[in-house]
Amino acid sequence: MRMALALAQAAADVDEVPVGAILVDEVTGTVLAEGSNRPISTCDPTAHAEIVAMRAAAERMGNYRLTGLTLYVTLEPCPMCAGAISLARIGRVVWAADDPKGGGVIDGPRIFDQPTCHWRPATEGGLLADEAAGLLKRFFRARRGTARPHSRSDAQSPVEGQSE
């Protein structure tokens, strides 16, 4: 998750919403692909960190099925990304911060709980959540011009404006 957080920071550094993702083969410990948000820089509304990482992994593996891999992402996947995760047959999804406004796993439409969802990965939220939430809060505060000095309360209150 620390690698994903570094990718999220890199996205923020170029004025993209700070979300980062990596795909890992847990058997070998190999990081197969990484991604960060880049819909603005690529003029592609689907270029969320998870999609970028999945495209790179599929290309590397020569297969759109990413069965058995673990996706680490700094924010709960949105409905679009959750749908793509299911289609790719990713085995496990681990995210940092929950996304009450735009999430699609435990918030919003709960894509993996739908009867039309044919593949349900194992899921786990909350890994380094405070760090990811703080990064998102600082990014959006700076964008609005209401930046405050970093404080411990940044990591403890609900994330503002965090949807990808």
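In which sense do E4 and E5 pair, and over how many bridges? They pair in the parallel sense, over four bridges. Keep in mind as you read on that this is a predicted model.

**The big picture**
- The protein chain has six helices and five strands.
- Of the 164 residues in the protein chain, 47% are buried.
- If you take the contacts in the protein chain with a separation of 6 or more, 56% of them involve residues 24 or more positions apart.
- The chain's accessible surface is about 7,800 Å², and carbon and sulfur atoms account for 55% of that.

**Strand E4 and its partners**
- E4 covers residues 92-97, and five of its six residues are buried, so the rest of the structure largely encloses this strand.
- With strand E3 (residues 69-75), E4 pairs in the parallel sense over five bridges.
- As for the pairing of E4 with E5, take a look at Val94, which stands opposite Glu124 in E5.

**Asp107, a buried charge**
- Follow the chain into the loop between strand E4 (92-97) and strand E5 (122-125), and you'll come across Asp107.
- Which side chain of opposite charge is nearest to Asp107, and how far away is it? That's Arg110, 5.7 Å away.
- Asp107 is buried, yet it has no salt bridge; a salt bridge would need the charged atoms within 4 Å.
- Setting aside neighbours within four places in sequence, Asp107 is in contact with Glu76, Asp98, Asp99 and Pro100.

**Glu59, out in the open**
- Glu59 sits in helix H3, which spans residues 49-61.
- Is Glu59 buried or exposed? Its relative accessibility is 68%, and the cut-off for exposed is over 50%, so Glu59 counts as exposed.
- Ala33 is 26 residues from Glu59 in sequence, while in space the two are 9.5 Å apart, C-alpha to C-alpha.

Conventions:
Residues numbered from 1 in each chain as written. Predicted model: local features only at pLDDT ≥ 70, side-chain atom pairs only at ≥ 80, totals over all residues. Heavy atoms only, no water. Helix = DSSP H or I, 4+ residues; strand = E, 2+ residues; numbered from the N terminus. Buried < 20%, exposed > 50% of the residue type's maximum accessible area, 1.4 Å probe, protein only. Lys, Arg positive; Asp, Glu negative; His and termini not counted. Contact = heavy atoms within 4.5 Å. Areas by Shrake-Rupley, 256 points an atom, 1.4 Å probe, with all protein chains shown as cover. Pairing = 2+ DSSP bridges.
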